[in-house]
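Let's take a walk through this structure together.

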Amino acid sequence: MEMKSLLRLALAGLVALQLPLLNARSVSAQSGTQPSAFECRSEDGVNYTIAMRSDGEESEPIIVWTSNEFSGSGYTPGRRCELVSDRLNTLLRDNGYSLSGLYLTGGRVNGQSVICTVGSNESGCNQYNVLFTLSGSNANDPNRALESLSSRVTSGSVIQESGGQVYVDLEGLVLGHF
C-alpha cells in the first residue's frame, strides 16, 4: 500500500475517533443535496450506477460494473447494476430519502465476500443488508474494494475504521460524486 494511502487511512481513522459523524451531519444540513433516486446506465456496453437529484442533476458513476464472474448464474454486469440500483433506491426510501447515517462495509454472508449497508459503524453484514457480492481479487479484500469506491471523493473523510473494520459514509460517498 502506498504511503499516501496509509496516511489518508490513518488520518481518516483519527478523525473518525475524534469526530465520528461531524462530516455526515454538516453535509446533510445542506438543502437539496440529497439524491432522489439511483439509476443504472449503460454506455458503450459499460454499465454503471449513478445518483440523481430531484432537479435532474446526475452524479458521476458511483459503481462501474465490469466483472462477468457471476454471469453464468444470470447476474451479468447489467443485471447486477439494475439490482444494486434498486436496492439503493429502497434504502433511500426507507431512510426518508436521506443517506445520512448510512454506511457501506464489507463482510461475509453465506460464504461470499459482500459489501453491505449498515446504520452504524458498529454493525456488520447479514443476509438482509447485502448490497452486492464481490468478485475476483475484491473478494479477497473487501476493505480495499471500499477504499477504491471512495478514492475519488475528496470532500471530507468518508472512510472510518472501527476495530479494523472499514466503514464508508454512504452520504459522503454519493455526494462526493456530484
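A cavity here is a set of grid points where a 1.4 Å probe fits but cannot get out, and a residue counts as lining it if one of its atoms comes within 4 Å of such a point. Keep in mind as we go that this is a predicted model.

With that in hand, how many cavities of 30 Å³ or more are there? The count comes to one. The space inside the largest cavity is about 40 Å³. Around it you'll find Ile 62, Ile 63, Leu 88, Leu 104, Leu 131, Phe 132, Leu 149, Leu 170, Leu 173 and Val 174. H6 supplies the largest share, with three residues. And what sort of residues are they, nonpolar, polar or charged? The lining divides into ten nonpolar residues, with no polar and no charged ones.

Now let's move on to Ser 59, which sits in the loop between strand S2 (46-52) and strand S3 (63-65). Is Ser 59 buried or exposed? Its relative accessible area is 8%, so Ser 59 is buried, since buried means under 20%.

Take a second look at Ala 51: its backbone nitrogen lies 2.9 Å from a polar atom of the Ser 59 side chain.

Terms used:
Residues are numbered from 1 along each chain as its sequence is written. This is a predicted model: local features need pLDDT of at least 70, side-chain atom pairs count only at pLDDT 80 or more; totals for chains, interfaces and linings use all residues. Side-chain values use heavy atoms; hydrogens and water are left out. On a 1 Å grid over the protein atoms alone, a cavity is a set of points where a 1.4 Å probe fits but cannot get out, and a pocket is an open set with protein on both sides within 12 Å along at least five of seven lines; lining residues have an atom within 4 Å of a point. Grid points are joined across faces, edges and corners, and a volume is the space filled by probe spheres set on the points. Helices (H or I, at least four residues) and strands (E, at least two) are DSSP runs, numbered from the N terminus. Ala, Val, Leu, Ile, Met, Phe, Trp, Tyr, Cys and Pro count as nonpolar, Asp, Glu, Lys and Arg as charged, and the others, Gly among them, as polar. Buried means under 20% relative accessible area, exposed over 50%, partly exposed in between (1.4 Å probe, protein chains only). A polar contact is a pair of N or O atoms within 3.5 Å; within protein, one must be able to donate a hydrogen and the other to accept it, and residues adjacent in sequence count only if both atoms are side-chain atoms.
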